[in-house]
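This briefing goes through selected features of one protein model, grouped by topic. Please keep the sequence and the structure open while reading.

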Amino acid sequence: MGKKIKKEVEPPPKDVFDTLSIESKKAATVVLMLNSPEEEVLAKACDAIYKFASKGDENKVTLLNLGAVEPLFKLISHEDPIVRKNATMAFGIMASNSDVKKLLRELDVTNSLIARLVPEEDVIIHEFASLCLARMAVEYTSKVQIFEQGGLEPLIRLLSSPDPDVKKNSVECIYRLVQDFQSRAAVRELNVIPPLLELLKSEYPVIQLLALKTLGVISNDKETRIILRENQGLEHLFKILETKEFNDLHVEALAVVANCLEDVDTMQLIQQTGGLKKLLSFAETSTIPDIQKNAAKAISKAAYDSENRKILHEQEVEKCLINLLGTDNDGVKTAVSQAISAMCENLASKDAFGIQGIPQLVQLLSSDNEEVKEAAAMALANLTTANPGNASSVAEAEGIEPLINVLSAKRDGAVANAAIVLTNMATQEPLRLSIQSHGIMNAIGEPLQSTNSQVQSKAVLTVAAFGCDADARTELRNAGGLEPLVKLLHSRNEEVRRNACWAAVVCASDELTAVELCRLGALDILEEINLSMGRRNHFSERALDKLLDNNLSQKYSQMGYLSFSNIITDSFYDYGQVKPGVKLLSLEELSTQELNDRRAVILVNIKPPEVKGKGKKEEEKPKEEEEFQIAPKIQEEVTLEKLPWLPPFDFILLDYIKDASKTILPLATTKEQVVALAQFVAGNMGGPIEKDKLHDFSWELHISEIKFEQKCNVIPIGKIKKGTFYHRALLFKVIADRIGIGCTLVRGEYTRAWNEVKLVDDSPQGITGLLLPPQVYVIDLMYQPGCLMKQGSAEADHYKLI
């Protein structure tokens, strides 16, 4: 592996001065000699200190405590060359100690050290001055000082020094300096590439390695890569990669190649010269994990460009990466998974990875290494996006369960990407149902509570993807997943907020979920969002509409309006008008309140209570069971206590609907049906009322009697025999919805409410076959039941007013 660099220079010739050896007890004396006016004494003292300091860190500390550093600093600029040389040697050797370096920074020694790098100085001075600078360049402040004081130019010049120690120290110092972007730009201007490439031919591996590391840093800049290419840098790099004896340098050489592959021109050049094929073959055949890892990173960097991805695909990079996935090294698995993710931008590559790559990536989801898990999840996320075939392949590789497990992983990236894969798979109904059977809605609860906005965003999209299924919504509701979903509607992150609104749109598809979302405050949040021009979005508006459309009790109480498409179903109740922001109590809560003098809550419910079976019939019970039937009455009471609360069944309303179906539904025209239904409703709620005798219609007393009789503030609508405007309008809408007559329900001021229907007028006389647009009519249910008043007419407006 080449020669070793000499550890120290030869001692001064005997004829100059005798060597002064010191022990620690004499060190103080020698330090005092550093202030001598005699050059020979100074030279001997510096040499003695150099040798004493070379023996270990403890001696360096001793010299520091004795105050040797300050006089040595002065002597490195002494006019006598021997004093100057010996002082610089001592200075350089002492700089390896951290406390000494701290003092050197305080003394601002870099300028004096840089001055020692001029061509006129002795090579030994070059060696130890560059050594001292290299050791100081570890710390940021010193890097800045060396840069600002013009240290780069002499250091780059010394890369061509005949002395290997000088080369080594100079390139090491430059490597540390170019960690800062200012120095990277400066070395490019100072033409550092040619001497660095020359160092790659050095017989000393440590110099080659430092040169490669420096190239690895500065080749992050596009301009530097162009210069590197123009100076045939790639040829030098591939020569190293093709030489087995240089296997210790292959990792760093690959890192430089990886940077170069980002440029399309370089990629094309490497492809044309056969270098790309060699690189992929090299990666596959190598058994060194760091080499495999850097090869994968090189592919990742190159794959950021579309032209590069095309070239890589033509070279069948997919086969190489799939083979590397089987490597038993976590770092390699991570890098390869990331390369696959990058290549997925190429559609042909995405398909090529599918059959063989996906099963291996699925296995990596169960890795104990969190980085591997994250990278594999990201690769699968990219592979399955807009690719149903790959999504199916994940399921075929038994990936559903591991993906769901990753939802509780430690790394946010892993969780977010697992959610993406599951969402991508959910576009196919069989896969969606299969994932649902694995408890996806239970598992997504934890990501919904994450503090990471990416995880939140992807988690709510997963909810939206699976929330289209009623069973999935039930699972989410039972798992407590709606509460964190509602909180995310408040998010300051626009993407999270928009996605959460979309999830709310999907989840509000049934009454139970919509009611629960309202209870948790979703309605108030959405109303607040929609008032803000900056935060409002298309989904927030849809979510509010959907929430209300599937919670008609809330909608009618809050908005005072039910549309033609809002069909009243069982358990609907009219609580009366509530102000925005006021939460509507549930029907059960209202039913259990003590009697009050507030307006009655009107209930619509013809759903019969479920009959609770008691198991086998008595005669079918085995005789053995009879022996164990202890205290049957107590057992029955316990069972009854466990039954859920159910709203009272309205037998009268059921009869109304049956009668209307028999007598009204068969009528020939919608107009006839509307008139007949209006008369039917009025007839069952007190009949027509003369306008001037409306105040004598004692419907309030009647309602109070029903409340007292029921011992409840909630009363079934069928019980009402004296109903005013809002009772009659509600009953009309309820029956109309059941028998298929389209109508609205509108709340007015105080006790007013009315229905609107759309009817097509007859064609004008003498004209046949003319299809006229439907007209909106308000129906009179109080004074002349069945009278149709055109919307906007004075008659209709008067009916709506007190």
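In which sense do strand 2 and strand 3 pair, and over how many bridges? Strand 2 (residues 572–574) pairs with strand 3 in the antiparallel sense, over three bridges. The model is a predicted one, in which local features need pLDDT of at least 70 and side-chain atom pairs count only at pLDDT 80 or more, while totals for chains, interfaces and linings use all residues. Residues are numbered from 1 along each chain as its sequence is written, and side-chain values use heavy atoms, with hydrogens and water left out.

**Strands and sheets**

- Helices (H or I, at least four residues) and strands (E, at least two) are DSSP runs numbered from the N terminus, and two strands pair if DSSP finds at least two bridges between them.
- Tyr573 stands opposite Leu603 in strand 3.
- Strand 3 is also joined to strand 4 (residues 714–716) by three bridges, and these two strands run parallel. Here Leu603 stands opposite Pro716 in strand 4.
- From strand 3 (residues 601–604), Val601 and Leu603 point one way, Ile602 and Val604 point the other way, and all are buried. Buried means under 20% relative accessible area, exposed means over 50%, and partly exposed lies in between (1.4 Å probe, protein chains only).
- An open sheet of three strands has the order 1-5-6, and its pairing is antiparallel. Strand 1 (561–562) and strand 6 (753–754) stand at its edges with a single partner strand each, so one side of each has no neighbour in the sheet.
- Two bridges pair strand 1 with strand 5 (residues 745–747) in the antiparallel sense, and Tyr561 stands opposite Val746 in strand 5.
- Asn755 sits in the loop between strand 6 and strand 7 (756–759). Asn755 counts as buried because its relative accessibility is 0%.

**Salt bridges**

- The structure holds 30 salt bridges, a salt bridge being a side-chain nitrogen of Lys or Arg within 4 Å of a carboxyl oxygen of Asp or Glu.
- One of them joins Arg188 to Asp221, with the closest N and O atoms 3.8 Å apart. This pair links distant parts of the chain, 33 residues apart: Arg188 is in helix 12, and Asp221 is in the loop between helix 14 (205–218) and helix 15 (222–230). Both Arg188 and Asp221 are buried.
- Lys278 forms a salt bridge with Glu242, where the closest N and O atoms are 3.1 Å apart. Lys278 lies in helix 19 (residues 275–285) and Glu242 in the loop between helix 16 and helix 17 (250–260), so the pair ties together parts 36 residues apart in sequence. Lys278 is partly exposed, as its relative accessible area is 45%.
- Asp574 and Arg747 meet through their side chains in a salt bridge (3.0 Å, N to O). The pair links distant parts of the chain, with Asp574 in strand 2 and Arg747 in strand 5, 173 residues apart.
- Asp574 counts as buried at 0% relative accessibility, and Arg747 is buried with a relative accessible area of 12%.

**Loops with positive phi**

- Most residues other than glycine have a negative phi.
- Asp108 has a positive phi, near 55°. Asp108 is placed in the loop between helix 6 (98–107) and helix 7 (110–115), and is partly exposed, with a relative accessible area of 35%.
- Asn191 has a positive phi too, near 60°. Asn191 lies in the loop between helix 12 (181–189) and helix 13 (193–199), and counts as partly exposed at 43% relative accessibility.

**A buried helix residue**

- Leu237 belongs to helix 16 (residues 233–241) and is buried, with a relative accessible area of 1%.
- Leu237 and Leu197 are 40 residues apart along the chain, and their C-alpha atoms are separated by 8.9 Å.
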